[in-house]
Structures are given as C-alpha cells and as structure tokens.
Amino acid sequence: LSPRPAQAQIAGVGVAEGTLPGRSAAHTLEGTSSDARPRQTLGIDIHAHYYPREYLEVMAEGRPYGGDYQETPQGYMLKAPGFSGGPFPAKFTDLKLRLADMDAQGVKLHALSLTRPMPYFGPPEYAAKLARAFNDAANAAHLQYKDRFVGLAALPMMDKDAALDELKLDRQPHVTVLDLTTDPPQVLRPGRISPEQISQVIGRPVSSTASGPARAPGMLESH
C-alpha cells in the first residue's frame with residue numbers, strides 16, 4: 001500500500017506563520033493571516049481543546065513520569081500514563097489556523113480547554129508546572145485576541161494545595177465562574193462571558209447574582 005497525501009486541516013485559506021510543531025510547510029499552509037470574516041457568527045464553542053506550545057514543551061519534560069511529546073511529519077504525538085494519542089494537527093496549537101477554522105464555520109468565540117493528557121501525573125511540582133503552562137498560554141491567547149478566545153483553567157487535581165495555589169492566581173479575571181448545581185444556575189464571579197451568552201449555550205436561564213456568601217476563587221478571604 002502506498003501512503004495517500006494528507007488532506008488539508010482547515011476549510012479555508014492557509015494562515016500559519018513560521019514552523020509549527022509536528023507539521024511541514026505543506027501541512028501548515030504557511031502564509032499570511034486571512035482577513036475574511038464569516039457572514040454570520042453562530043455563537044460560542046465551549047468544546048474547544050487547545051494544546052499550546054508551552055504545554056507541549058512541559059509534556060516533553062515528563063518522560064521520566066510516563067509522559068511524552070514527539071513531532072512527526074503527520075502531526076505530533078502525546079503520551080501519558082493511561083493515554084496515547086495522535087497525530088494531532090497543527091490547528092490544535094496554532095491560533096491563526098484555529099481562527100481560520102472559526103471564521104470558516106462562523107464561530108465567534110472559543111472557550112479554550114485542555115483535554116488529555118491532563119496535569120494529573122508525575123510529582124506534584126511537575127503536574128503544577130504542566131497546569132500552569134496551559135493556563136498561562138490560554139490567558140495569553142485571550143489577551144492577544146480578546147474577542148475570540150477565553151480560557152478554561154486546568155488544575156493539578158492530585159494535589160489540593162497546588163490546585164488552590166493555581167486558583168489564587170489572578171491572571172484570568174475575565175473567567176466567569178458558574179454554579180450549575182442551583183436552579184437556575186448562578187454566576188458566582190462575573191467575567192467576560194455574560195449570563196446571556198451562557199444561557200444561549202446551555203438553553204436555560206442564568207442568574208447574574210449569587211445567593212449567600214462568596215464561593216468563587218478570587219473572591220474568598222482564604223482557601
């Protein structure tokens with residue numbers, strides 16, 4: 001069997017700049033960013049996984065703990081205890097490729113989130129470093145494209161103190177904290193995503209005021 005040529009990863013004009021992890025020029029469609037805008041914006045994508053380069057670099061440091069990041073001509077591969085996946089296309093990492101996809105699909109905003117491998121392996125200091133690499137990069141993506149990206153924080157949940165330390169960081173005051181255990185759901189801490197936008201996504205009314213004492217990170221006297 002002879003290999004078949006890879007298909008383009010986006011439905012639109014190529015927009016990457018520079019060499020991307022795990023992609024040749026033919027796959028990244030290197031060039032300039034498209035100025036095209038969708039005729040209609042369809043809303044917010046809250047299932048938008050993101051592997052920033054900073055996170056991948058820390059993954060490569062995790063080989064002693066069962067983690068790994070390897071580049072291949074077809075895309076990059078990721079490995080962690082209980083997980084092995086790939087090849088992943090460059091649009092999981094490059095924001096301009098992602099924006100081209102969003103524009104082609106008419107999506108206004110991505111809520112960037114991490115998927116496996118999550119920062120749940122290795123010693124506590126390594127897991128915390130992995131979580132922080134993702135969170136810092138997601139925050140940087142928001143600061144660069146404030147109307148297109150927000151971040152959903154990743155936490156090193158195997159160590160409660162490290163997770164709480166990460167929550168205390170005020171790098172993402174734009175993050176909206178929502179309590180889905182109440183009816184209607186309540187905004188515990190207002191952020192860039194409004195109650196009206198959340199209501200549009202989940203199909204339920206959302207209260208903009210929370211009852212009782214403060215319960216959200218960044219609003220507590222102590223954890």
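What share of the contacts in the protein chain with a separation of 6 or more comes from residues 24 or more positions apart? The figure is 59%, where contact means heavy atoms within 4.5 Å.

Before you select anything, note that this is a predicted model: local features need pLDDT of at least 70, side-chain atom pairs count only at pLDDT 80 or more, and totals for chains, interfaces and linings use all residues. Residues are numbered from 1 along each chain as its sequence is written, and side-chain values use heavy atoms, with hydrogens and water left out.

**Whole chain**

Start with a cartoon view. The protein chain holds six helices and eight strands. Both are DSSP runs, numbered from the N terminus: helices are H or I with at least four residues, strands are E with at least two. Along the sequence the pattern reads α-β-α-β-β-β-α-β-α-β-α-β-β-α.

Switch to a surface. Its accessible area is about 12300 Å², and carbon and sulfur atoms own 53% of that; the method is Shrake-Rupley with a 1.4 Å probe, and for residues only the protein chains shown count as cover. Of the 223 residues, 43% are buried. Buried means under 20% relative accessible area, exposed over 50%, and partly exposed in between (1.4 Å probe, protein chains only).

**Stop 1**

Two strands pair if DSSP finds at least two bridges between them.

Zoom in on strand 5 (residues 109–113). Three bridges join strand 5 to strand 6. His110 has Phe149 as its bridge partner in strand 6.

Pick out Glu125 in helix 4. Glu125 counts as exposed because its relative accessibility is 57%. Draw a C-alpha to C-alpha distance from Glu125 to Pro156: 9.2 Å in space, 31 residues apart in sequence.

**Stop 2**

Follow strand 2 into strand 3 (residues 75–80). A hairpin joins the two strands through two residues, and five bridges pair them in the antiparallel sense. Show side chains. Glu71 stands opposite Tyr76 in strand 3; Gln70 stands opposite Met77.

**Stop 1: the aromatic rings**

Rings of Phe, Tyr and Trp (its six-membered ring) pair if their centres lie within 6.5 Å; planes under 30 degrees apart count as stacked, over 60 as edge-to-face and the rest as tilted. The structure holds eleven aromatic pairs.

**Stop 2: the nonpolar cores**

A nonpolar core is a set of buried Ala, Val, Leu, Ile, Met, Phe, Trp, Tyr and Cys residues joined through side-chain atoms within 4.5 Å. The largest has 28 residues; Tyr51, Tyr55, Met59, Leu78 and Phe149 touch the most other members. Helix 2 (53–60), strand 3, strand 4, helix 3 (95–105) and helix 4 each give two or more residues. Helix 4 gives the most, with six.

Centre on Leu78. Beyond four places in sequence, its contacts include Tyr51, Leu56, Met59, Phe83, Phe88 and Pro117. Then select Ala111, Val150, Ile193 and Ile198, which are among the eight residues of another core, apart from the largest one.

**Last stop: Gln186**

Go to strand 8 (residues 186–189) and pick Gln186. Gln186 counts as buried because its relative accessibility is 11%. Leaving out residues up to four places away in sequence, Gln186 touches Val177, Leu178, Asp179, Ser207, Thr209, Ala210, Ser211 and Arg215.
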